Amino acid sequence: MAEKELDQGKRRFLLTATTVAAGGVAAGAAAVPFVASMLPSERAKAAGAPVEVDVSGLEPGQKMVVEWRGKPAWVVRRTPEMLKMVAADEERVADPDSKRSRQPAYAKNEMRSLKPEYLVVEGICTHLGCSPVDRLQSQPEAFAADWHGGFYCPCHGSLFDLAGRVYKNKPAPDNLPVPPYRFLSDTRLVIGEDTQGA
Amino acid sequence: MASTENKLPVTGAGPLNGVLTWVDQRFPLISLWKEHAAEYYAPKNFNFWYYFGSLAMFVLVLQIVTGIFLTMHYKPDAAQAFASVEYIMRDVPWGWLVRYMHSTGASMFFIVVYLHMFRGLMYGSYRKPRELIWIFGMVIYLMLMAEAFFGYLLPWGQMSFWGAQVIVNLFDALPLIGPDLALWIRGDYVVSDATLNRFFAFHVIAIPLVLVALVAAHLMALHEVGSNNPEGVEIKKTLGPDGHPVDGIPFHPYYTVKDTFGVMVFLALFAIVMFFMPEFGGYFLEYNNFIPADPLKTPSHIAPVWYFTPYYSILRAITEEFMIVLAIAVFFYGVLILRSAFRGSMKTIALIAIAVVLALFWALDAKVWGVIFMGLAVMIFFLLPWLDQSPVKSVRYKGGLYRSALGLFVVVFLVLGYYGTQPVTDLGTRISQIGTMLYFAFFMLMPWYSRMDTTRPEPVRLA
């Protein structure tokens, strides 16, 4: 039988290549459980229940903080003067119509809220996740001489107005996110779910 | 196998001759000792700046030893971590001392490493054939930053929590993979117990193992090519009749004694800090970290620990406005490359890279660029061996251009570091922006100014 002579070099190469390929796939597959074990656990995923907030004690012009999904959620009861200041900030904020910011459809308006009187936002700066501090009064501040009231992030100096809208030329790209929420009554609201059941 | 019979008996160790011979016939003990100490010939002109390599190793050992004893009492649990650190400070016998050694050691580690790196910058220790030593060293520096960052979360104070929050969110800023990557790093939707637990694992085992291995690689590469020195002379070029460099002296006993003296002085300074000012005015231990972590409230002023602040300043300097300045700078850099006499292929690659960068300047947020520039500020050190085109290694033979550039770089690094500890002000931002430009100019323009510089010829031998 006239068999072709075996090309030992080619054969060796093929063996090595397939061994390396198979070994590589196996090593990659073996890494999956380790990498995946670092993802949020089932318990962490489950811990995201909505919270109920009683705002009956909240005076006009005051802010309260509640914990929602481990993060601060703010409720600000805005006075008519505060709402005027929000309207006056139109030119100074980066995303006045909240086009690129995160909020439910019912809060995608100038006051970024269901009811203009109550602002509900996540108190986490969209820059690097610090919680901005209150500078609710309309008065000159070290960081802005003509300050209309809002929030100041101590970490990197982002400024937000009383609708949680970020000022232009600040490190934070987006407005403060608005969580889903709905009113149960005039003085009680629930954060983390809305009428759509989100 | 054969060596068991062939290896010569060890002599000169007195009563230990027999034991050492037995070991040496089974393990390359004597040859290792000779290769890395007794017959490792180092240049005879090491000066003050050469203390910091051995000091860095000393601090590494100190951190590992103190760390082991701290883990005996520390609880990596969000509900117990803060209290367990206070327990170490108040109730564990000598716990305060071990903890202060560890916290002081962390800052000292960075002081020593920064001085060690500055030595490299001064004497061109990164130049051929020591590129890999430099690269291993830079990886050590990166790992050290990771180690410090993971460790800083463990006391679970306000700065721990919000520092981790900010740094993890740096990854969140990256396009496409960012949010998932940050989620994966945290193991939760917020910095939480899961995050603390895994940072503990990284801090006490994963990174230290890598660090020790890298230090070994750093030293092996060093002992392969031999040490540089303040004159930038390659002592291996002039060998004596015994085959050893004539300008070299055995590392042991000459430099082991010198380095031991260095350790003594260092320990004296260390003790002053540890006993009398362990917080070091809020720079080594930040005051806000004596408040337990509160996920609902960021401290009114947060700043990273001092050793990260130069990069933090660069992060904060990148605003939308400043991006325009950067775009113009990148454009002129492209023109500079075009006009220079590089190889054609390099030119094309560089130009395409710059065009892509300019295009991305508009495509990505200033926030993302802040993160990228901060990363680049660290990573650009890796390129030093190839950016420096000077015909000589040491600053002693380089001209005024390089000396001014290096001097300015040190000032810029310190100024950026200072503003990184301060709250944001308009002036601080402006200064940080100028600092950022100068910081990158030191590296990016080095291929040009290091060539234009008037250098003096390096000697062949040490005087």
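In which loop does Leu176(B) lie? Leu176(B) is found in the loop between helix H8 (158-172) and helix H9 (178-186) of chain B. Helices here are DSSP runs of H or I with at least four residues, strands are runs of E with at least two, and both are numbered from the N terminus.

The structure is a predicted model, in which local features need pLDDT of at least 70 and side-chain atom pairs count only at pLDDT 80 or more, while totals for chains, interfaces and linings use all residues. Residues are numbered from 1 along each chain as its sequence is written, and chains are lettered from A and ligands numbered from 1 in the order in which they are written.

Chain B contains 19 helices and 2 strands. Its radius of gyration is 25 Å, close to the 23 Å that the globule rule gives for 463 residues, so chain B is as compact as a globular protein of that length. The radius is taken over C-alpha atoms, and the rule is 2.2 Å times the number of residues to the power 0.38. Of the residues of chain B, 38% count as buried. A residue is buried if 20 or more other C-beta atoms, placed from the backbone, lie within 10 Å of its own, exposed if 12 or fewer do, and partly exposed in between.

Chain A has 3 helices and 9 strands. Its radius of gyration is 27 Å, well over the 16 Å that the globule rule gives for 198 residues, so chain A is more spread out than a compact globule. Its C-alpha atoms fill a box of roughly 100 × 40 × 25 Å along the principal axes. In chain A, 34% of the residues are buried.

Three strands of chain A form an open antiparallel sheet in the order S2-S3-S4. Strands pair if DSSP finds at least two bridges between them. S2 and strand S4 (118-122) of chain A are the edge strands, each pairing on one side only. S3(A) and S4(A) are joined by 5 bridges, and Arg77(A) has Tyr118(A) as its bridge partner in S4(A).

The two chains also touch: 24 residues of chain A are in contact with 31 residues of chain B. Contact requires C-beta atoms, placed from the backbone, within 7 Å. On the side of chain A, strand S2 (63-68) and strand S3 (71-77) are the elements that give two or more residues.

Back in chain B, helix H11 covers residues 251-276. At 1.5 Å a residue, its 26 residues should span 38 Å, and its end C-alpha atoms are 35 Å apart, which agrees; the expected span is 1.5 Å times one less than the number of residues. Among the buried residues of H11(B) are Phe251(B), Tyr255(B) and Asp259(B). The elements that the buried residues of H11(B) pack against include helix H4 (51-71) and helix H6 (95-123) of chain B.

Some backbone details remain. Most residues other than glycine have a negative phi, and most peptide bonds are trans. Pro253(B), in helix H11 of chain B, is joined to His252(B) by a cis peptide bond with omega about 10°. The bond from Lys128(B) to Pro129(B) is also cis, with omega near 5°. Arg69(A), in the loop between S2 and S3 of chain A, has a positive phi of about 50°. With 17 C-beta neighbours inside 10 Å, Arg69(A) counts as partly exposed. Leu176(B) has a positive phi of about 65°, and Leu176(B) is exposed, with 7 other C-beta atoms within 10 Å.
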